[in-house]
Amino acid sequence: MAIFSRLLPCCLSLWCFQVAAAPLDAFLSADTQLATGQGRVEAAYDAVNSTLDVFKIRAKDPVYGGTNVGDYSGGHLRGAYQFAHGVSVDGGLWQRKISYRSDKESLTSWQLGTQYRFYQGSFWQGSSYALRFSAWGDSASQLNKTTPTTVFGHTMNSISVHDPKDVQLEADLLGAWPLSEQTELSAFVGGGNSRVSVASVSGSYTTSAGCEFNLLFAGSTSTATLAAPCGHFLTAVFTTPDQTVIHEVSYHARYFQLGGMLQWHNLDWRLTGGYQFQTLNRDHVDAAISSQGGVAYKSNQILIGEVARKVGRNTAVFVRGQLMSHQFVGEIPFAYNSVTASKFASRYGLVSMGVMHAF
């Protein structure tokens with residue numbers, strides 16, 4: 001069973017190219033631009049592929065450049081509503097499909113938040129300050145990798161990860177300062193707690209003698225069951241305590257972040273640029289990475305740019321681009337672990353195109 005326990009973490013490598021359920025914190029502002037009783041909705045198509053990789057970020061990857069690994073298609077729906085003076089709520093839901101060679105995985109992401117503007121006055125041309133509390137997360141019913149994967153010199157035939165998910169609770173202090181009638185500067189600082197969990201992991205492994213075993217890792221137990229009679233084995237079941245496996249894939253973390261946004265608009269156009277810096281402290285994963293001679297990625301920088309144009313009195317269309325310095329560090333927490341950490345050395349970008357409507 002020791003050899004099976006060492007093989008488990010390879011299953012996580014199929015997560016490393018998944019696209020974020022980004023909370024878009026780089027666009028946080030104390031000014032929601034909503035009046036009491038007003039709201040807005042946003043619907044968009046999100047994508048990453050070789051055509052949209054205009055800056056050749058993925059094409060330059062020495063391993064996956066020119067492949068479909070990391071191709072993404074999906075959509076999201078976001079909305080916000082101000083139901084009292086200075087008090088608003090917002091939420092979002094993302095449905096995504098990620099390609100990994102012959103496999104295509106589905107990921108659901110969500111976000112809920114509430115914001116209270118506690119100050120709006122004449123200081124520095126009518127600045128605003130607000131507190132925001134939010135929760136967001138990512139989940140999948142099952143992730144599969146059906147192609148062979150070699151880890152620690154051993155090859156897994158296939159792997160399935162059952163019920164992976166992460167949940168984050170976050171608090172932020174926001175500020176907004178109008179620089180002119182058409183330009184506004186915003187900034188934020190905050191942090192939160194993150195929890196990553198997996199229900200179980202299953203897969204198949206063929207020994208050097210040609211015997212195939214079905215593996216199951218659940219809780220603190222590892223079980224290997226002979227898939228078919230092989231040699232002197234007619235049936236075989238091995239069950240051993242193993243806390244290392246789940247320890248590799250389930251952990252807690254704390255994170256701190258800050259950033260800002262600059263927005264310009266006229267009657268028909270709006271240009272927005274945002275920046276976010278995030279640093280994380282994970283309870284044991286990064287120590288395990290360092291002890292194995294790897295590099296632990298404890299921070300990420302995110303740039304988001306958006307161009308929007310009004311096409312009606314209350315409706316606008318937009319194109320939004322997002323660039324991350326270390327792929328999805330902090331954006332999809334369950335994608336990061338001691339085996340996949342090396343994949344987070346590279347940058348990654350994605351594009352959204354959609355429509356906004358105010359009511």
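User: Buried means under 20% relative accessible area, exposed over 50%, and partly exposed in between. The model here is a predicted one. Is Gln 33 buried, exposed or partly exposed?

Analyst: Gln 33 sits in the loop between helix H1 (2-7) and strand E1 (38-48). Its relative accessible area is 42%. That value falls between the two cut-offs, so Gln 33 is partly exposed.

User: What is the phi of Gln 33 near?

Analyst: Most residues other than glycine have a negative phi. Gln 33 is a residue other than glycine, yet its phi is positive. The value is near 60°.

User: Where is Asp 163 placed, a residue with a positive phi although it is not a glycine?

Analyst: The phi of Asp 163 is about 55°. Asp 163 is partly exposed, with a relative accessible area of 34%. Its place is the loop between strand E8 (154-162) and strand E9 (165-178).

User: How many bridges pair E11 with E12, and which residue is the partner of Ser 202?

Analyst: Strand E11 covers residues 200-206 and pairs with E12 in the antiparallel sense. The number of bridges is seven. In E12, Ser 202 has as its bridge partner Leu 216.

User: Which residue takes a positive phi in the hairpin of E11 and E12?

Analyst: Five residues lie between these strands.

User: How many bridges join E12 to E13, and what is the phi of Gly 219 in the turn?

Analyst: E13 (residues 221-226) runs antiparallel to E12, with six bridges joining them. Across this pairing, Phe 213 has Leu 226 of E13 as its bridge partner. The two strands form a hairpin with two residues between them. The positive phi of Gly 219 is about 60°.

User: How many aromatic pairs does the structure hold, and what kind of pair do Tyr 129 and Trp 177 form?

Analyst: There are four aromatic pairs. The ring centres of Tyr 129 and Trp 177 are 6.0 Å apart, and their planes stand at 75°. Planes over 60 degrees apart count as edge-to-face, so this pair is edge-to-face.

User: Which strands does the pair of Tyr 129 and Trp 177 link?

Analyst: The two residues are 48 apart in the chain, so described as distant parts of it. Tyr 129 is partly exposed at 21% relative accessible area, whereas Trp 177 is buried at 14%. Together with Tyr 119, they form one aromatic cluster. The strands are E5 (residues 128-139) and E9.

User: Which residues does Asn 281 touch, beyond those up to four places away in sequence?

Analyst: Asn 281 is in strand E16 (residues 269-282) and is partly exposed, at 43% relative accessible area. Asn 193 is 88 residues from Asn 281 in sequence, but 9.6 Å away in space, C-alpha to C-alpha. The residues Asn 281 touches are His 252, Ala 253 and Arg 254.

User: How far is Arg 282 from the ring centre of Tyr 336?

Analyst: Arg 282 lies over the face of the Tyr 336 ring. A charge sits over a ring only within 6 Å of the centre and within 35 degrees of the ring normal. The distance for Arg 282 is 3.7 Å.

Key:
Residues numbered from 1 in each chain as written. Predicted model: local features only at pLDDT ≥ 70, side-chain atom pairs only at ≥ 80, totals over all residues. Heavy atoms only, no water. Pairing = 2+ DSSP bridges. Helix = DSSP H or I, 4+ residues; strand = E, 2+ residues; numbered from the N terminus. Buried < 20%, exposed > 50% of the residue type's maximum accessible area, 1.4 Å probe, protein only. Contact = heavy atoms within 4.5 Å. Phe/Tyr/Trp six-rings, centres within 6.5 Å; stacked < 30°, edge-to-face > 60°.
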